[in-house]
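Reader: Hi! Could you walk me through this one before I set anything up?
Author: Happy to, let's look at it together.

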Amino acid sequence: MTVNEETLLREYFQTVSAQAGEVSEAKLNAAITGGVRKVRRQRLLPRYKWTVALAAALAAVIFLLPFIPQTGEPSRQTEARNAVSNAAAYLGLTGTGGSYDNVHTTVVSALEAGLLKPVEGAVIEKDGFTFEIERIAADRKGMLVLYSLYNRSGEKVEVASLNVTDKDGKPLIYSAGSTPQTAGAGTTRFYSQILWDGDYTALPDTLYAKISVSDIDPHLLVPSSDATELTLPLTLDKADMAKTGKEVQLNKNFSIADQQIILENAYISTTGVYLTVDYDSGNTKEIFGLLGPQLMQGSNSEYVGYGVRQTMMSDGRLTYVFPVDNTSSAPLKLRITGIVALDKTETQLIVDTEQKQIIKAPDNRLKFSAQSSRERMVLDFELKGTDRATNGYTVMQIANQFVDGQGQKHMLQNSVWADLEFREATATGENPAYRYSYELGSAGLPQPLTFTLLSYPNAIKERVEVEITK
Amino acid sequence: MENLLEGQWAQLNEEEAGPFIERVASQKRIMYGIAYSYLRNENDALEMLQEATYRAWIKRKSLKDTERFAPWVTRILINCCKDELKRRKQLVSAEPQSRENALVEMTSDRKLDMQRALDRVKPKYRQVLVLKYYQDLTLTEIAAVLGKPEGTVKTWLNKGLKQLRAQMKGGFSDDGQ
């Protein structure tokens, strides 16, 4: 079952809009006046230079005022950015003015800090392509791989993301596969940041790094069968990996809405900052996730903020993976703006699908849609007020198994994710809503039906900061 | 806000730039939003806003019909973003989150899936998707922004959605269903 892409686009752009709306008026104004000033400086006559230099200096003070970090607000240090701009440019990551998205900070800073070690002789040629692994940096949690493709085919080609396997082709990456990149004629440099799927000590000594190169076809989601596969062996130095990075036992408890959250430990290393979090079993609320987790690095009220790059579940523990600045030893802290949670007594959804009636739900934001039928339950989760601005936490999920009025268990017949739509506000004044459709499998089930909520967009906002390193 | 603009402008001491800045400022949220949708980064989006202002300023004499300032400057902004994306080499990065139970992961995956799908839609189609689904412009308004016939815009919209569909195919049916 497919999702309506228009609905998904609107949903996506709403999230983007919420993020874009956070920029200050002063920054926008500075950008606009900067655009005009940029030209004017070029057109100045020499005798006006000093006058305008003074004016520009004064203006700069005014322009910079809004950028002076407020307490706890993230800011990017211009000097720090300049320091790594060469590395970023080498990696082909720089945008206008030498800036780059801080999602790339880990690899850029690792290169700048000399942590990406050259790999000798890791080169293979095939079908007009040369695949070379130039540098790697491996630690207990993952690996950065810097590689290049020399393309002599005369055509722009698609390069599927690097995969790492053992000798039998078994993937060793926690989550593999990503959108392919493209490579024109000549050399194109790439990097891949991977996480080990399991304990690094169980990794084989020799890994195999593979890329697939194929013609560009926007309709192909996987490499075509005539793709050129290029594989190179890589030898790991596990003793070195064991020594890389530092593990900090934190065991810090903090409370949000009277719920205990435990920041268990941090592994701070070349490939990232890994924070393992657990929730106290005695909590009265079921916590579905942390709201807006951010890793803050800096001091004296000047911070760089990093968003979560990836999350991992291992042994029932949730690990948040953040970018790391390998060139900085500034203190780290975790900032959370709240939790998404429900009282443990409220995680049941009880409905009467015959009467189209909600008997029990966490709140009144959930409504039965008129589109419901006896076999298909359609629920609207209405967005009110600031619901849209809760960092995208607007998703409800229920367990596939549900129970009918006689205690008989049933399974939903469809994927919840496949049947999620966004409904705009209606002319009759109804709020916008997320619409969930569930195929019940058969009509005439004994009522009521009881579902278990696996997540519910109930954001509880409460900002907390927890020190990780001093 | 207005005081700051006036203050800056007083120091620039150019009579012509005042009204120009005001006009751009009246569109700044829209322009920034579009730039942000392309680059997804505050610094880069601000730089695009600055770059678009710069290009519009030096080309201001070419705008004959001042009533069309808004679509004109929006088009310049979109071109800046497209140029920037063309120039920039997005490299392979680590994969999105696993599809475990945590809500955080699922919401993030959906967003990443859409980001990646959009990144692979042809730029000329993508600009239509942004204007329609982000800025809620009508086809007529989009045609005015892009300086293309409405029929062309409609075709690009359909092709953009088709490409997006191809990219998204199976993307959200990944929970084992």
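**Chat notes: loops, helix packing and cores**

Author: Let's start with a loop: P448(A) sits between β27 (433-439) and β28 (449-455) of chain A. Keep in mind that this is a predicted model.

Reader: Thanks! Which residue is joined to P448(A) by a cis peptide bond?
Author: That is Q447(A), and omega of the bond is about -5°.

Reader: Good to know. What about backbone phi, which residue other than glycine has a positive value near 65°?
Author: D258(A) has that phi. D258(A) lies in the loop that links β11 (246-256) to β12 (259-269) in chain A.

Reader: And is D258(A) buried or exposed?
Author: D258(A) counts as exposed because its relative accessibility is 69%, and the cut-off for exposed is over 50%.

Reader: Where is K356(A), then?
Author: K356(A) is in the loop between β20 (348-352) and β21 (357-360) of chain A. K356(A) is not a glycine and has a positive phi, near 55°. Its relative accessible area is 36%, so K356(A) is partly exposed.

Reader: Switching to helices. At what angle do α3 and α7 of chain B pack?
Author: Helix α3 (residues 28-39) and helix α7 (residues 123-134) of chain B pack at about 130°, and their axes are 11 Å apart. That angle makes α3(B) oblique to α7(B). The crossing of α3(B) past α7(B) is right-handed.

Reader: Which residues make that contact?
Author: From α3(B) there are G33(B), I34(B), S37(B) and Y38(B). The α7(B) side brings P123(B), R126(B), Q127(B), V130(B), L131(B) and Y134(B). Sorted by class, the contact has six nonpolar, three polar and one charged residues.

Reader: What else does L9(A) touch?
Author: Leaving out residues up to four places away in sequence, L9(A) touches M114(B), L118(B), L129(B), Y133(B), L161(B) and L164(B).

Reader: Which residues have the most contacts inside the largest nonpolar core?
Author: L9(A) and F13(A) do, in a core of 60 residues. The largest share of this core, eight residues, comes from α5(B).

Reader: How many residues are in the second, separate core?
Author: That one has 32 residues, including F131(A), V159(A), V213(A) and L232(A).

Reader: Why would such residues gather?
Author: In soluble globular proteins, nonpolar side chains tend to be buried together.

Reader: Last one: what separates the C-alpha atoms of A70(B) and V145(B)?
Author: They are 7.9 Å apart, though A70(B) and V145(B) are 75 residues apart along the chain.

Terms used
Residues are numbered from 1 along each chain as its sequence is written. Chains are lettered from A and ligands numbered from 1 in the order in which they are written. This is a predicted model: local features need pLDDT of at least 70, side-chain atom pairs count only at pLDDT 80 or more; totals for chains, interfaces and linings use all residues. Side-chain values use heavy atoms; hydrogens and water are left out. Helices (H or I, at least four residues) and strands (E, at least two) are DSSP runs, numbered from the N terminus. Buried means under 20% relative accessible area, exposed over 50%, partly exposed in between (1.4 Å probe, protein chains only). Axes are lines fitted to C-alpha atoms, for helices over the stretch in contact, and angles run from 0 to 180 degrees between N-to-C directions. Angles under 35 degrees count as roughly parallel, over 145 as roughly antiparallel, 65 to 115 as roughly perpendicular and the rest as oblique. A crossing is left-handed if the near helix is turned anticlockwise from the far one by less than a right angle, and right-handed if clockwise. Contact means heavy atoms within 4.5 Å. Ala, Val, Leu, Ile, Met, Phe, Trp, Tyr, Cys and Pro count as nonpolar, Asp, Glu, Lys and Arg as charged, and the others, Gly among them, as polar. A nonpolar core is a set of buried Ala, Val, Leu, Ile, Met, Phe, Trp, Tyr and Cys residues joined through side-chain atoms within 4.5 Å.
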